[in-house]
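Subject: Structure handover

Hi,

Here is the structure I promised to pass on. Please open it alongside this note.

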Amino acid sequence: MKRIAVVLVACVAATSSIGAGQALKKAAPQKEAGEKKAADAEAAKPKGDDPKPAEARAEAAPAEEEVDPNIAQFIQQYQQQFQQLVKGELFFVRTICRPTKEQYQRIAATGDQAVKETVKAFAETQKKMMRGMMVAGQQSTFPDPRKIIGEALAKSVKANLSAEQAARYQDELDKRAANRKRVALLNVVARLDQDLVLTAQQREKLATALEAKWDDSWGQLELFQYGDQFQPNIPDNLVIPVLTETQQGVWRGANRNRGVFWGGAGLGFMHGVQFEEAWEEPAQAAEPAKPNEKPEEPK
Amino acid sequence: MIARRRMLLRLRRLLLGAVLLAPFSCGAVARAQEEGEDEAAMVVAQPVFADENFDQWVFQNQGNAQNGRKRIEQMLTLRTEEIDRVCGLSEGQKKKLQLAGRGDIKRFFDRVEDARKIFQAVKHDQNKFQEIWQHIQPLQTELSAGLFGESSIFRKTVRTTLSAEQAASYDKIQQERRASLYRAKIELAVAMLDNGLPLHDEQRRKLVELLVADTKPPKRFGQYDYYVVLIQMAKLPEGKVKPLFDAAQWRAVQQQLNNTRGMEQWLKQNGVMGDDAEGATDTKPQPPKAE
């Protein structure tokens, strides 16, 4: 069993962008030490356009932990998806903060660690759901990958860039989170309107009531992508007081909780979009969205 | 392309159900062979899709035809009550609208029964699943959008039954509802775009404004709203869209827009999108009709 776990750790680590040498260090038996050294040396070489030097990767990656094989299978499943998410977010950091290449390399190394943390949190959740310890659509404690990744990168941005650059990134993260909540609220009310034929006044009242008691589990945007197939699990006491008698009858008879946890990565429709990983100087990588901003000096 | 992939995925899921049933039927076949039963008996022992599957596919959340019908009748009541609330209907007008709505319900269930007959004919043949799916999917789309939309008997009767003043009041609230719903769908589409391609707050806001101003709601709202928004975005003059993004973002956006273009014809064929000129009527208030 232990051997299987080690092999899975090796497989997972090998597929990740974390230094291959680090992973092999844990998985390979002693007699393969020579090969291991070669792999480490190979990992340490700068790779073409990869802006992350091996030392930066190694610095960011702590020692591998032994992974439960039940979780390891989910790790493999999520790894690629979340790496795509991190790539997008790192690209965003570049356009918002305009770091120098060296600064960016340090932040990107944190991204690798953020992928690991996110994948692990997701794998744990998946395991709990399979064992019936968590029920989709009924709790807001599901990990939000964008939040985990955003927070990890924000921490790194804070450590590696100026206070002004970090504040700029944090401001965008806050605005994005607020926008997602607003969009979800807008769509919850629109969905209720389609089902219950609300008046403009009812729409307004519901929006106020829902916003006051907002639960993050209602905010999975994928819920609203599939017509009327999925509904957030909104409690009766927030909706019923606003409805007429006929509407209440429809609401009570509606099949609301579809028990779906979408994973929150929300890449779905954007799969396949590739970001340029090669380093381009900010002027080429992104024409300034806000004019007169220049790359800032390292701390 | 992605949408096709999703459709294939859905098909695959359904076929998976069939595959999961296969061991049972295979077991029956094996036993039948062992017991020396004739070939006809073996065919009978291989149900690929159960009768319940048909109702579940068509009525989805409602689970079966009975619940589906109840839900649709409730919607008719809600629609009529809304018009009454806004316009103050006479008893005669109410009856006319109810009758028209029941006509829509009958028309829909007639189509369901036609599709059911086809299902019954092919339900043992996994290879003919595609055939039945072609009949089920339009029913799903129609039900999801609601049976009392623009092309319904109900809506046509509203136009011919209400007085000019009543019609103006009703059209006004309908326009508000559609505008508010479409705004929510545009914001959702931009937020989904933002998931894979992080945008600045200002970019999101400008893109939403552009799409609200220069695109039109679908003929039928439903699970393809995202594509309706992006297909129209792809058709906007580059000079309006491109300046909202930086160079690298624009390349990624173009990839995404190219992916959605292939959906347009299918959406038009299935009544989700109108032709460009036709779509325009959706957002403009209907002229009031004389009683």
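Below is what came out of it.

This is a predicted model, where local features need pLDDT of at least 70, side-chain atom pairs count only at pLDDT 80 or more, and totals for chains, interfaces and linings use all residues. Residues are numbered from 1 along each chain as its sequence is written, chains are lettered from A and ligands numbered from 1 in the order written, and side-chain values use heavy atoms, without hydrogens or water.

**Chain A overall**

Chain A has 12 helices and zero strands. Helices (H or I, at least four residues) and strands (E, at least two) are DSSP runs, numbered from the N terminus. Of its 299 residues, 49% count as buried. Buried means under 20% relative accessible area, exposed over 50%, and partly exposed in between, with a 1.4 Å probe and protein chains only. The accessible surface of chain A is about 14,400 Å² (Shrake-Rupley method, 1.4 Å probe). Carbon and sulfur atoms account for 52% of that surface. Take the contacts in chain A between residues at least 6 apart in sequence: 77% join residues at least 24 apart. Contact means heavy atoms within 4.5 Å.

**Cores**

A nonpolar core is a set of buried Ala, Val, Leu, Ile, Met, Phe, Trp, Tyr and Cys residues joined through side-chain atoms within 4.5 Å. The largest one has 100 residues. Leu210(A), Ile83(B) and Phe108(B) are among those with the most contacts inside it. Helix 8 of chain B gives the most to this core, with 12 residues. Domain 1 (48-161) and domain 2 (175-269) of chain B each supply at least three residues; the bounds come from an automatic or database domain assignment.

Beyond its neighbours within four places in sequence, Leu210(A) touches Leu185(A), Val188(A), Val189(A), Leu192(A), Trp218(A), Ile234(A) and Leu238(A). A second, separate core has 28 residues, including Tyr104(A) and Phe122(A).

**Helix 9 of chain B**

This helix (residues 201-214) has 14 residues. From first C-alpha to last it reaches 20 Å, close to the 20 Å expected at 1.5 Å a residue. The expected span is 1.5 Å times one less than the number of residues. Its buried residues include Asp201(B), Arg204(B) and Leu207(B). The buried residues pack against helix 8 (163-196) of chain A. In chain B, their partners include helix 10 (225-235) and helix 12 (247-261).

**Cysteines**

The whole structure has zero disulfides (cysteine sulfur pairs within 2.5 Å). Cys97(A) counts as buried because its relative accessibility is 0%. Cys87(B) is buried too, at 14%.

Best wishes
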